[in-house]
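Please look first at the sequence and the structure shown below. The paragraphs that follow lead through the contacts between side chains.

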Amino acid sequence: MIQRTNTYETLFIVNPVLEDSQIDAIVTRTKELIEKHGGVIKSLEPWGRKRMAYIINKKNNGYYALIEFDAPAESITSLERFYNLEEEVMRHIIVKLDKKTLLAKSLKKEQAIRLNEANKEQGIQ
């Protein structure tokens, strides 16, 4: 039986005091957990260390990572559990993307591709 999947985005903030290898390990474990529960990673955007709007756990900065993925709804509870148990994840959010959002993202991506092609034709980098 084929499971119905939804498209989700998750954004999480990792403690910035960690070494880059430790942060990469957390991001990798998150990806592996999503894939283990039947998910498919569509994109991973490591935003890097950024200043936060307000202090969390006595820290001004955090390492941000955004993952867009397709997964069955049942897998989201295990991802939530992972975030709650992982001490170095300071904040997280998981959002189910609706059809309008997905359409807007695809249109924006197509527009960026067309703009890039037009710039190449004109010799603009």
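A residue is called buried when its relative accessible area is under 20%, exposed when it is over 50%, and partly exposed in between, with a 1.4 Å probe and protein chains only. The model is predicted, so local features need pLDDT of at least 70 and side-chain atom pairs count only at pLDDT 80 or more, while totals for chains, interfaces and linings use all residues. Residues are numbered from 1 along each chain as its sequence is written, and side-chain values use heavy atoms, with hydrogens and water left out.

The aromatic side chains come first. Rings of Phe, Tyr and Trp (its six-membered ring) pair if their centres lie within 6.5 Å; planes under 30 degrees apart count as stacked, over 60 as edge-to-face and the rest as tilted. Across the whole structure, a search finds four aromatic pairs. One of them joins Trp47 and Tyr64, whose ring centres are 6.2 Å apart and whose planes lie at 20°, so this pair is stacked. Helices (H or I, at least four residues) and strands (E, at least two) are DSSP runs, numbered from the N terminus. Because Trp47 belongs to strand 2 (residues 40-56) and Tyr64 to strand 3 (residues 59-72), the pair ties together parts that are 17 residues apart in sequence. Trp47 is partly exposed, at 39% relative accessible area, whereas Tyr64 is buried at 13%.

Phe82 and Tyr83 make a tilted aromatic pair, with 5.9 Å from centre to centre and 50° between the planes. Phe82 is buried at 16% relative accessibility, and Tyr83 is buried at 2%. Together with Phe12, these two residues form one aromatic cluster.

The charged side chains follow. Side chains of opposite charge can pair when their charged atoms come close. A salt bridge is a side-chain nitrogen of Lys or Arg within 4 Å of a carboxyl oxygen of Asp or Glu. The whole structure holds four salt bridges. In one of them, Arg49 meets Asp20, with the closest N and O atoms 3.0 Å apart. Since Arg49 lies in strand 2 and Asp20 in helix 1 (residues 20-36), this pair ties together parts 29 residues apart in sequence. Arg49 is partly exposed at 41%, as is Asp20 at 45%.

Lys42 forms a salt bridge with Glu68 (3.8 Å, N to O). That pair links Glu68 in strand 3 with Lys42 in strand 2, 26 residues apart. Glu68 is buried at 12%, but Lys42 is partly exposed at 45%. Asp70 also bridges to Lys42, the closest N and O atoms being 3.9 Å apart. Through shared partners, salt bridges join Lys42, Glu68 and Asp70 into one network.
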